[in-house]
Structure formats: C-alpha cells, structure tokens
Amino acid sequence: MSSVVVVGAQWGDEGKGKVTDYLAAQARTVVRYQGGSNAGHTVVVNGKTFKLHLVPSGAIHANKRCVIGNGVVIDPVTLVQELEGLKESGIDVPLHISERAHVILPYHRVLDQLEEQRRDPGSKIGTTGRGIGPCYVDKAARCGVRMLDLRTPEAFRARLAAVLPAKNALLKALYGHEGFTVDEIMAQCGPAAEKLAPYVTDTSLLVYNSIQAGEKVLFEGAQGTLLDLDHGTYPFVTSSSATAGGAATGSGVGPNFLNMVVGVVKAYTTRVGEGPFPSELQDAIGEKIRQNGAEFGTTTGRPRRCGWFDAVVVRYAARINGLQQLAIMKLDVLSGIPELKVCVGYRHQGAVCEHFPADINILDQCEPVYETMPGWDEDITGIRNYADLPANARAYLERIAALTGVPIALVSVGPGRDQTITIKELFG
Ligand code: GDP
Ligand code: IMO
Ligand code: MG
C-alpha cells in the first residue's frame, strides 16, 4: 500500500504529530489536509521538541516533500513565523502550498474572538481564537481569499477590495468594531504573502504525480473525529472535516488512493475546550493523568480535561473513518494507576446504548458504563517489543482492540520518536 491517512479518533491531541513523524521516515510526500493553526502537533526527536501548527509533521526528516493541501486554512503570518523558527533549528522545509487553500486574515481572528465573547456562558465553544471558524465560514459563503490571490500584491489588494466591505459592515453592525482597511491588511500580511508566493502551486496534481510515481504518501489530519464539523459533538466542534474523508477533499485526491487509515488514540481520553465528555474524570486520578501526561494544550497552553478510555467514542470513530489499524499513544502515562477503567457503553434512561448519539443533550444525560481492569506499576518507557510489555498492559491493549473492533499497529510509550513499538507496518 502506498498511502496512509493519520486521523485523530478522539477529541484531538492524540499524538498525530508523533505518528506522522514516525511514519514519515518511509514516505516521500507528507500532506496536511485540513484545519489550521488551531492544531498543535508535537514531534520529539533526539530530545529536541518541535511544535508544528501548519507545517506537516514530516518536516523534521530531511527531504520530505511537505504539502499544505486545499482543505487547510492558512494564516500567512503564522506560517512564515513557523518556517523561520524551523530554519533557526536548521530545517529548510521543502514546502508546497495549495493555491486553493483559504487564507486567514486579521478580521477572521477578530471575529473568532468577538463571536466567542458574545456567546453566553453555556454556549461558549472555547475556540483557539485563531480565526478558524470565520475563515471556513467565508469559504462556504464564497467570499474567501485563497492562496492564489496572494501571488502578487495587486491581486491580493483587488481581492481584499472585493470582500472587505461586507466584513467591515458585519464587524460594525454586530460588534461596533471599526473594521480594517486594505492598506492595514496589506501592511500586516503583505510581506508574509510575498514570502509564501513561491511555494503556492497545484498540490492536487503534485500529490497525484507522487502517487503515480509509486511513492509513499502520508496524509496528516488535524483535530479529531469528535471535533469534526459533521460527525463531532456539534456545536462543540471545529469547522473542518477532521475525519478520513477530509483527506480526499482536503488534498484533492480520489478516495480510492487512500489505502490505509490509521486512527490515533491516547490510552485514555482528553479534550480541550468546552463540550460533552462522558468519561471525564474530575478527581485525583484525572489530575494524575494530566500531570503524568503533561496534558496542557500545545497551541493555547490550556489544561486538557482528562478521562478514561472511551470505547464508544473509538468504535464510532472506527465506523466514521473506516479505521483499519490503531496507534495507541501515551500508554506510559497510565503506569502506576492500580485500576484502569474503560467506558464500554452509555446508560441513557435505563437502557445501555452502544452507539455514539448525535444529540449532545442526550450525551449530557448519558452515564458511562465501565469495565475495570488491573493496571501495572512498571516503567515501560524503555520497552520496544510488544512481548516485553507487562501482562496487564497487554491485556488492556487487547481489550481496547476487541471493544473497538480495530487491531493495534503501533504502541507509543514516550514522546520520543524511538519510543515506539511497531506491531504491524502500515505502508504496504
Ligand atoms: P497531536 O495534536 O495529535 O499531534 O498531539 P499533541 O502534540 O498536541 O499532544 C500529544 C502530546 O503527547 C505531545 O506533547 C507529545 O510529545 C506527547 N506524546 C506523544 N506520544 C507520547 C507517549 O507515548 N508518551 C508520552 N508520555 N507523551 C507522548
Ligand atoms: P490538534 O490538531 C484539540 C478545539 C478547541 C475548541 C474547538 C473549536 O492539535 O489535535 P477552533 O479554534 O478550531 O474553532 O476551536 O476545537 N480544537 C482542538 N482541540 N486539538 C486540536 O488540534 C484542536 N483544534 C481545535 O479547543 O474546543
Ligand atoms: Mg495537538
């Protein structure tokens, strides 16, 4: 098989960056296909930590063709900063940016923050404030600015002149905000646009050619299935297609080219931001997981909410994404917890439902049904063979595979690239 899709199967931050970096060793092309700088993907190589937001997590390897697909929303200033940061670490990214990708502009960020302030306490989403939602709104409303509009200052100005009056009218009418002039935006974003212009191209064609040449292609998702605009815990979701289908639409390749879909999950569950989370722990064990797992957001620094592994969520993600394999991350974080629980169903109005409901009001009323398993005490961070894991850790993993119906290909026992146990190779 020549292509692998890496998709988050929970609420984001599962460790997609680490898995992408790990698998990228075998790939020629690595494609980010949706989301924007709301994503924070961490890669740790030889003790050095890289936090990536827009650049594909294959970039830490030399000479991987890195593609930002049409489904991504790009803040040009953030992207230039990220590229410059990588350059300071000696990494020159061979980057290709889709001409069709939409651009996050200063008014998107302002709107994101003002919209969030305007929501009453119970309906705040807890967005990252990066302008993601408002940019996808403009894409769908057909008043967006695309990377191809940034190729020359004249084209950029012309597109801004066409779309800005409506955005300014909205800012003024709803929020009393004075809005932006074309000159202001050109001053803020023009230099970054000029730096990025040489990378802007037809990336759909580039990825197609890479596949046709028999090269291995890796698709990197951002966020996770439960944050997907269609399939997540709406409205507490992001605004893009974070599920595997997004790899096709977000990079412009036919779904038949996607050979292997791997779902990335933590050995427990986390969520950052607001919204339902049935297996959440608001006790000392939740706090222990947060501390052991350093569960603080890569992008915003917010503490992540922590809870038990939820097999209902991952079984749902398996169906929505067509997961063929799982990568189980952060197993080491559970070492030292005497008893582990796994959510196997939700009790709602006296009946146990095994399928993830669409209505978050129902979800709020669901009581998790747990199975309890014995934990292990050993430090597992140095283990590299599945058979060397403690018997209770193996039993825990095998139960997860059985409950979700998906076999496990990778187990991660630490943040480092090498702290990975391979059970099955994902590229054919
Ligand atoms: P992503 O958004 O899915 O790429 O995940 P993040 O990078 O936001 O969050 C995952 C965090 O867990 C990062 O800080 C990783 O370095 C770290 N991490 C990944 N795998 C492991 C693991 O197996 N064990 C531990 N302890 N940390 C891990
Ligand atoms: P990675 O790729 C975890 C969450 C935000 C908020 C909701 C909407 O690192 O896994 P947005 O700014 O997208 O409009 O926020 O989605 N969120 C994430 N949570 N990991 C992410 O990305 C996220 N990207 C967005 O916290 O609840
Ligand atoms: Mg993250």
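Phe50 touches His41, Thr42, Val43, Ile60, Leu86, Ser89 and Ile91, leaving aside residues up to four places away in sequence; contact means heavy atoms within 4.5 Å. Phe50 belongs to strand β4 (residues 48-52), where helices (H or I, at least four residues) and strands (E, at least two) are DSSP runs numbered from the N terminus. Phe50 is buried, at a relative accessible area of 9%; buried is under 20%, exposed over 50%, and partly exposed in between (1.4 Å probe, protein chains only). A distance of 29 Å separates the C-alpha atoms of Phe50 and Asp310, which are 260 residues apart along the chain.

This is a predicted model, in which local features need pLDDT of at least 70 and side-chain atom pairs count only at pLDDT 80 or more, while totals for chains, interfaces and linings use all residues. Residues are numbered from 1 along each chain as its sequence is written, chains are lettered from A and ligands numbered from 1 in the order in which they are written, and side-chain values use heavy atoms, with hydrogens and water left out.

Thr29 lies in strand β2 and is buried, with 0% relative accessibility. Its side chain makes a polar contact of 2.7 Å with the side chain of Arg65. A polar contact is a pair of N or O atoms within 3.5 Å; within protein, one must be able to donate a hydrogen and the other to accept it, and residues adjacent in sequence count only if both atoms are side-chain atoms. Beyond four places in sequence, Thr29 touches Arg65, Val67, Ser210, Glu215, Lys216, Val217 and Leu218.

| Residue | Protein atom | Distance to an oxygen atom of ligand 1 |
|---|---|---|
| Asp13 | polar side-chain atom | 3.0 Å |
| Gly15 | backbone N or O atom | 2.8 Å |
| Gly414 | backbone N or O atom | 3.0 Å |

Taken alone, ligand 1 exposes 580 Å², and the protein buries 91% of that (Shrake-Rupley areas, 1.4 Å probe).

The magnesium ion (ligand 3) has Asp13 (OD) and Gly40 (O) as its protein donors, at 2.0 to 2.2 Å. Donors are N, O and S atoms within 2.8 Å of the metal (3.2 Å for Na, K and Ca); water is not among the atoms, so sites may look incomplete. Asp13 sits in the loop between β1 (3-8) and α1 (16-24) and Gly40 in the loop between β2 (29-32) and β3 (41-45), so the pair ties together parts that are 27 residues apart in sequence. Asp13 is partly exposed, at 21% relative accessible area, whereas Gly40 is buried, at 10%.

Helix α10 (residues 311-321) is largely enclosed by the rest of the structure, because eight of its 11 residues are buried. Its buried residues pack against β1, β11 (260-266), β14 (309-310), β15 (325-329), β16 (339-348) and α12 (391-404). At the start of α10, a side-chain oxygen of Asp310 comes within 2.9 Å of the backbone nitrogen of Val312. Gly322 follows α10 and has a positive phi, near 65°.

Helix α5 (residues 153-175) bends by about 40° at Val163, and Pro165 follows within four residues. The bend is the angle between axes fitted to the seven residues ending there and the seven starting there. The buried residues of α5 include Val163 and Leu164.
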